[in-house]
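Please keep the sequence and the model at hand while reading.

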Amino acid sequence: MKQEFNLIDESWICVRTADCQIKEVSLKEVMLHAHEYIELSGETKSQDFAILRLLLAIMYTVFSRYDIHGDEITIDELKENSDLVVDNWEEIWNSGQLPSEPIKRYFHEWHERFWLFHEKYPFYQSNAVKDKGTFYNTGKMIGTLFESGNKKRLFSARMGQGRILSYAESARWLLHTNCFDDIASKNKKRKVPKRTWVGQLSLIALKGKNLFETMMLNYHADVDIKEGVLTSTPSWESDGKNLIDVSNLENNCVKISVPDNQSALLSLRSRQIYLCRENNFVKGYYISGGDYFEDVEVFSEQMTLWKSYEDKKILKFKPKLYDTSKKTWQEFGSIAVLADKNEKSGADKKFRKAGVIEWLCELLHNQNILDENYMAKIDTAAVIYDYGQATSLPVIDTISDSLVFHSKLLLEVGHVWRERIIQEIEKCDKVAMAVYSLYKDLQKASGRKDKDAKESQSGEIDAKMQFYDKIDYPFRLWLAGLDPMTMKLDDCVTELETKLLKIAFDFGDELTAQSGSNTIFGRYSKPEKEKKVTEITSSAQALNLFRSKIKKIFESAGEKNEQE
């Protein structure tokens with residue numbers, strides 16, 4: 001097989017430059033010039049996360065073996081100086097760019113393993129899957145399509161030749177498929193593969209002012225140090241991955257132990273893939289299940305939010321699924337969580353920080369590396385699957401969001417502020433439910449009967465989402481402006497609630513006006529069993545009830561509004 005397209009040298013990673021241009025760069029370029037680029041800027045945010053995980057796997061590998069000068073790090077050095085890796089992190093951070101010598105040395109030593117097409121070691125692929133896995137056209141691999149193998153999408157920006165991929169684009173979607181593939185690729189025994197690990201995560205990453213800072217902030221320097229030993233085993237260095245006979249896999253996948261280092265976890269091969277090339281383009285691929293592990297409490301995973309649950313009265317944690325109906329600021333309680341410690345055991349009782357947030361707190365508090373006025377910038381993303389189709393879990397959507405807030409809110413000084421912020425988010429949820437009820441009452445006033453309830457439910461949900469859209473920017477702006485050291489909490493809360501109350505009132509008026517003139521006089525509603533009086537439901541009554549609920553939710557702001 002003719003080896004082609006070495007990812008170290010060829011341009012394939014999309015980045016945004018300082019002048020807001022999108023360009024493709026090689027692995028070597030993106031590592032050595034990360035400080036010159038603003039961010040990764042691929043076709044989707046989920047693709048950016050897949051590539052970021054590769055870049056981080058390379059960083060963990062390189063800096064577990066070499067110091068910033070390119071010299072090998074020995075076990076004796078680590079045992080003599082347990083802070084060596086963190087000290088290297090700080091020196092790199094202060095320099096403003098990744099050191100070139102260790103990166104060049106690693107790429108030189110492992111250059112052979114980064115060929116996209118290779119006789120023995122095609123990158124993130126397996127020659128053994130050819131003709132034995134399930135074949136798909138590239139439409140299913142493209143993350144802006146996620147096209148079923150059974151039918152093409154009717155309305156798509158990519159038709160015909162647009163589904164034929166260049167080597168550069170196929171490399172990007174190769175990583176994406178490994179992270180987010182569905183479970184439709186059955187083997188000859190009709191066994192479906194296990195879900196990909198990354199596809200189960202509610203992905204979260206810290207974002208810096210440039211790509212270098214983003215990579216460094218998500219590189220938890222000392223997370224892999226165990227008893228003075230620092231290990232790294234990225235999947236592309238393994239000789240056995242290419243030799244798996246996928247036709248003989250009982251469950252269309254390989255059960256492994258949870259990876260014990262970041263390089264292995266970040267480069268986990270959840271799928272065995274083989275790209276089919278023709279005339280310098282990729283037109284299809286073979287795929288089967290890859291590596292999986294059964295544990296869900298994989299606390300070495302740094303880039304996910306966590307959710308607690310009880311199993312036989314034992315509190316456990318699992319990756320939190322992304323709620324498509326929520327904005328990222330509504331997940332503030334999961335992002336900026338302060339662990340509730342059990343007094344007897346000292347263990348986390350109910351909450352668990354995301355690894356990247358824990359590392360940020362370490363840099364702020366224990367290491368004092370970052371400035372106390374540092375603004376935390378968060379990126380989130382997830383691929384949404386249709387759990388109603390359990391045998392294939394087709395992808396139905398990809399979502400992403402971001403959030404900015406003062407880093408002090410993550411520390412002990414921001415404890416009371418965090419609690420109040422969470423309370424305000426809960427109040428927003430109560431107002432959204434009041435909007436839901438208002439829409440429902442207005443539908444009754446217009447003459448809609450109970451049998452039509454299912455038809456109106458989508459409208460009620462849409463009304464809730466419209467309310468969240470209206471308060472989205474004001475809440476983000478308010479959260480980003482909070483500073484626990486220079487501002488008064490009560491004043492900040494009153495300011496927010498006053499704005500939210502006005503938005504809610506205005507939106508209630510808007511919904512009422514849209515309900516039509518026939519709702520003014522209302523309808524007689526059939527009394528419930530415990531009530532004997534037949535009630536009249538009109539738009540005026542519905543609006544008055546809604547306003548009363550809102551005033552009760554925002555009590556202090558409501559009193560101020562009445563005084564004015």
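Helices (H or I, at least four residues) and strands (E, at least two) are taken here as DSSP runs, numbered from the N terminus. The model is a predicted one, in which local features need pLDDT of at least 70 and side-chain atom pairs count only at pLDDT 80 or more, while totals for chains, interfaces and linings use all residues. Residues are numbered from 1 along each chain as its sequence is written, and side-chain values use heavy atoms, with hydrogens and water left out.

**The chain as a whole**

The protein chain contains 16 helices and 19 strands. Of its 564 residues, 52% are buried, a term that stands for under 20% relative accessible area, with exposed meaning over 50% and partly exposed in between (1.4 Å probe, protein chains only). Where contact means heavy atoms within 4.5 Å, residues 24 or more positions apart account for 72% of the contacts with a separation of 6 or more.

**The largest cavity**

Rolling a probe the size of a water molecule over the atoms shows where empty space is left. A cavity is a set of points, on a 1 Å grid over the protein atoms alone, where a 1.4 Å probe fits but cannot get out, and its lining residues have an atom within 4 Å of a point. Grid points are joined across faces, edges and corners, and a volume is the space filled by probe spheres set on the points. The count comes to 9 cavities of 30 Å³ or more, and the largest cavity holds about 150 Å³ of space.

At least two residues of the lining of the largest cavity come from each of β4 (37–40), α2, β7 (203–206) and α8 (211–217), and α2 gives the most, with 4 residues. Among the lining residues are Glu39, Lys45, Phe49, Lys207, Thr214 and Asp379. By class, the lining divides into 6 nonpolar, 1 polar and 5 charged residues, where Ala, Val, Leu, Ile, Met, Phe, Trp, Tyr, Cys and Pro count as nonpolar, Asp, Glu, Lys and Arg as charged, and the others, Gly among them, as polar.

The expected span of a helix is 1.5 Å times one less than its number of residues. The table sets out two helices on this basis.

| Helix | Residues | Number of residues | Expected span | End-to-end C-alpha distance |
|---|---|---|---|---|
| α4 | 84–95 | 12 residues | 16 Å | 16 Å |

Because 20 of the 21 residues of α2 are buried, this helix is largely enclosed by the rest of the structure. In α4, the buried residues include Leu84, Asn88, Trp89 and Trp93. Gly96 follows α4 and has a positive phi, near 85°.

**Single residues**

Thr17 lies in strand β2 (residues 13–17) and is buried, with a relative accessible area of 12%. Residues up to four places away in sequence aside, Thr17 touches Lys23, Tyr37 and Ile38.

Asp371 is placed in the loop between α11 (355–366) and β16 (375–385), and it is partly exposed at 48% relative accessibility. Apart from neighbours within four places in sequence, Asp371 is in contact with Leu364 and Ser407; Asp371 and Ser407 are 36 residues apart in sequence and 9.3 Å apart in space, C-alpha to C-alpha.

With a disulfide taken as a pair of cysteine sulfur atoms within 2.5 Å, the count comes to 0 disulfides. Cys179 is buried at 5% relative accessibility, and Cys253 is buried at 9%.

How values were computed
On a 1 Å grid over the protein atoms alone, a cavity is a set of points where a 1.4 Å probe fits but cannot get out, and a pocket is an open set with protein on both sides within 12 Å along at least five of seven lines; lining residues have an atom within 4 Å of a point.
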